[in-house]
Amino acid sequence: MAAQAEATRFGWLTPDVLSIVAGALIAAVAPLDRLDYVARGLTASALADAAPSAQVLLVTASPEALREGLCERSLPGLLERGRARGALLIPPADAFCGGAASRAGAANATSAAGAAPVVRMPPELLRLSAGDVVGFFPLAAGERAPELGALGVSAAPWVLKKAPQSVPAVSLRDLADGQVPASALEGRVAVVAVGAGGVAPQAVATSALPPARGVAAVLGGLLDGGRRASAPAWVPALFVLLAGGLVWIARRRYGSLVATAALFLGVFALAAGQGVLAARAEASLIALPSALFGLAVAFAGVMIVRGLVVQRSVDRAAELIHRAALFRMQGVHTLPDEEFWPRVARLAEQAHPADLVLVAELPAGSWHLRFWNDRQGGGESLVAERRNDVRRPPYSSEQGVPAIRLSRRFLTKQDMPAVVVPLIAFGEIEGYVFFCGPVAEQTFSREPERAEHVGRELALLLRRKRLARTAQAGAGEARGGRSPEDDLVEGARVALDDLQLFGSLLRSAPVGLLYADAFGDVRFVAPEFAKWLRARDVTVPAESASAALPPGSLTLGDVLGATSASDAAVSLSSVMASDDGIELSVSAPEPAVLSVRPLRRESDGSSWIAGYVAALIPVQQAAPVSDNVRPLAVRDAADPLCAFQLGDVVADAVASAARATGRAVRLEPIRSATHALGHRGELGQVLEAFLTDVAGRGLPGHGPVVSVREAPQGVQLSILDVGFGLGLPESALQRVLTAPGSAPAGLEPLGRLILAVEDSHGHAELKTNDGWGITLTVTLLRAHPRAFVSANEGGKPAAQQNVIAIGRAGPK
């Protein structure tokens, strides 16, 4: 507990915070001494005062005048008459005015104390920076110290000097000849230097030799209060702390670009603040390079050090999210269009047979379609209709109403028909799907409701994608100050937990489990289910550590196709049409029941399929029997013995057989209720297969005739003209009645029908009709359905499941 408390106490010492503190310490220590010295001198020079100096007068003498002894003869008298503060001789002028300086020094020692001193300037007195005079070193103890002090020269590291053009300058000859009155020296220090002769009065100042101009400018600034010194060490340190904190906040809340802008803002504030401080306070010169270096260290810590930590976290999170991407089943709106629309095409191809499937996107606010195809990567080149306007045929009727229709001139291949299905959800067109080819045309003519159902489900899927993207965009605009890295790490942590939990569930399940997403792509398959699929020659990708499969590697249509090798295999549309799902009996490699159900989601009054789940449930095998005993077929748990109307089952089978063969299968009018007892699903399937076989073999105009009636012994189904279809006499057909499980080749549909009748506790018989063909008669047990009424809590009869109440309920 103590260690945890200690860790919590120092939890704020993150690498970026430590880098800011390190930058402040660097600014306080100022390790860049030489650069700081130059920077202070440049700062003092940049802030030179342009006001005319009233403390200094630059006096220049030409070499000719100095050699003639003009300075030595006239300087003492000029200083006295002009009541000057004194004179400062700048080498090499001191060599020509030395005598005057010596006499003046002696006079100062013996006569009045108020005489103007004349002092030679020692070269070691000057403080230089970048070749320019910026201040004066401390005065050494010696004979000149009092004299220099009398002229106002004192120790000053840096001085806000006067601008060179603001220091008054005159020629010594002009002063000696009286062209400039001696009163110009009153109260001033005369800086005597060597200058060029014969120059204009306005160019006298610039004619002086270095360092006379710099000395005059610095001395004038010093006497006017321009002394400056280094600022306290805590000033740049505090600034780096504040600027680094600003960069840190900008980096966390707004990103790297804003943080970089904050850095430039800090640098500008540092330069501007240095200028403002240096102009007003004496101890104000900051170690600018060291402060900038400290700020750079703080910025590098915030941007680079934190960026490295975040990058390491992002890399680990990206790896987890890459694995967890296989688990994002509901996020159809997160898929890019290049992946979303081809997957919609694959889903449509699984649900409705077709040689080619195209899907078309209708962008928001547009009337023109954009085509997608899974196989060729795009369908624009396959479409002959170039206008792509949904208000025109074939996308809408002549009246402009979108409806399912068959078009024969839609594709570039004129001989390939196309079933045009508008995808409409809540009255809005979300897109189109096109089932192309003769297979699609035959399926549409036989089962038109199939295309309608598939179109409705696809429309709901597209609408869900559009609404989710709109909501996601709105949430992004309203996003708070949380950084994307925080969301990434949090999402990766949640994804990892889900990944481990789901993987353990699939690996530990006692039965085979399978999950397919909304596109019909199998995403999770348990080992038992994968083993069953491989036994049925279905290619299953290698299992990952999390039992997850990538999209497109295995489809739910492949799984359903493995349940039967015949053309009557269950399709995905059957699963879509049933809210409770379907259950299929499978026998190889071991008897089991395959249950497939759609997972529906509801929101805003709409319902859509968000995925599919399947379970492979083993069925306990019966005890082994002798080789000469035929075992009973495994009964489908979804097809129990029940009462039903035989007339409805027969009518559906006759209609399906007629559509499949294209030949007439006649059904006599049914004039009774024909309630029978049996396995309705099995009887309907085998009866449809038998009628299709008989009608397909018969001669044109001699199709079977089917009738259903009530008889004393039960409900009878009669099929006339069986012999014409099978091409066999009655004697050969009697063998099937005796051994239906071992029917000869070509009579398997009849054998399956007789087995189904016997399983439903009925019997079948064959007889000849005096040259009018052979009649198959099937007799089933008559059922007497009863209606059971139960009373509810209010004493009123409760509604039956087979009774539909019509009209508005009255008040209670």
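Ala, Val, Leu, Ile, Met, Phe, Trp, Tyr, Cys and Pro count as nonpolar, Asp, Glu, Lys and Arg as charged, and the others, Gly among them, as polar. The model is predicted: local features need pLDDT of at least 70, side-chain atom pairs pLDDT 80 or more, while totals for chains, interfaces and linings use all residues. Residues are numbered from 1 along each chain as its sequence is written, and side-chain values use heavy atoms, without hydrogens or water.

**View A. Lining of the second largest pocket.** The volume of this pocket is about 330 Å³. L362, P363, A364, E430 and R466 are the closest to its centre among the 16 lining residues. Two or more lining residues come from each of β15 (428–436) and α16 (448–477), and α16 gives the largest share, four residues. By class, the lining holds eight nonpolar, two polar and six charged residues.

View B. β16 (residues 512–517) is largely enclosed by the rest of the structure because five of its six residues are buried (under 20% relative accessible area, 1.4 Å probe, protein chains only). Strands are DSSP runs of E of at least two residues, numbered from the N terminus.

**View C. Antiparallel partners of β16.** Strands pair if DSSP finds at least two bridges between them. β16 is joined to β20 (residues 606–618) by six bridges, with D517 bridged to G611 in β20. Three bridges link β16 to β17 (residues 522–525), also antiparallel, and Y515 lies opposite F524 of β17.

**View D. The β16–β17 hairpin.** Four residues separate the two strands, and G520 in the turn has a positive phi of about 80°.

Conventions: Buried < 20%, exposed > 50% of the residue type's maximum accessible area, 1.4 Å probe, protein only. 1 Å grid on protein atoms, 1.4 Å probe; cavity = no way out; pocket = protein on both sides within 12 Å on 5 of 7 lines; lining within 4 Å. Points joined across faces, edges and corners; volume = space filled by probe spheres on them.
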